[in-house]
Amino acid sequence: MSNTPHDIYEDFPGEAEKIHALKASDAHFARILEEYHEINRDVHRAETNVEPVEQLVEVEMRKKRAALKDDLARMLAKA
């Protein structure tokens with residue numbers, strides 16, 4: 001497991017301007033992005049044992065983060 005946070009701007013290099021524009025103009029995108037940041041922070045805190053959780057809970061959080069990232073990728077591709 002990687003203990004490195006999955007920053008959305010690192011995951012989508014070169015898309016920072018598009019991310020900022022969508023965040024400002026699309027409430028749905030902004031909400032999904034905020035959810036991604038929240039779950040990403042929670043996963044990172046669990047991985048680094050700052051806030052340990054059961055292994056199954058951590059796996060489920062990673063799955064949710066991946067699904068949100070997929071949603072963001074689709075929205076970025078359509079923009």
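Two residues are in contact here when they have heavy atoms within 4.5 Å of each other. This is a predicted model, in which local features need pLDDT of at least 70 and side-chain atom pairs count only at pLDDT 80 or more, while totals for chains, interfaces and linings use all residues. Residues are numbered from 1 along each chain as its sequence is written, and side-chain values use heavy atoms, with hydrogens and water left out.

Select Ile19 to begin: leaving aside its neighbours within four places in sequence, its contacts are Ile8, Tyr9, Phe12, Phe29, Leu33 and Leu76.

Next, select α3 (27-47) and α4 (residues 55-78), bearing in mind that helices are DSSP runs of H or I with at least four residues, numbered from the N terminus. The axes of these two helices, α3 and α4, come within 9 Å and cross at roughly 150 degrees; axes are lines fitted to C-alpha atoms over the stretch in contact, with angles from 0 to 180 degrees between N-to-C directions. α3 is therefore roughly antiparallel to α4, a term for angles over 145 degrees. Where they meet, the residues of α3 include Phe29, Ile32 and Tyr36, and those of α4 include Leu68, Asp71 and Leu72.

Finally, select Asp71, which lies in helix α4. Is Asp71 buried or partly exposed? Asp71 is partly exposed, with a relative accessible area of 26%, where buried means under 20%, exposed over 50% and partly exposed in between, using a 1.4 Å probe and protein chains only.

Terms used:
Angles under 35 degrees count as roughly parallel, over 145 as roughly antiparallel, 65 to 115 as roughly perpendicular and the rest as oblique.
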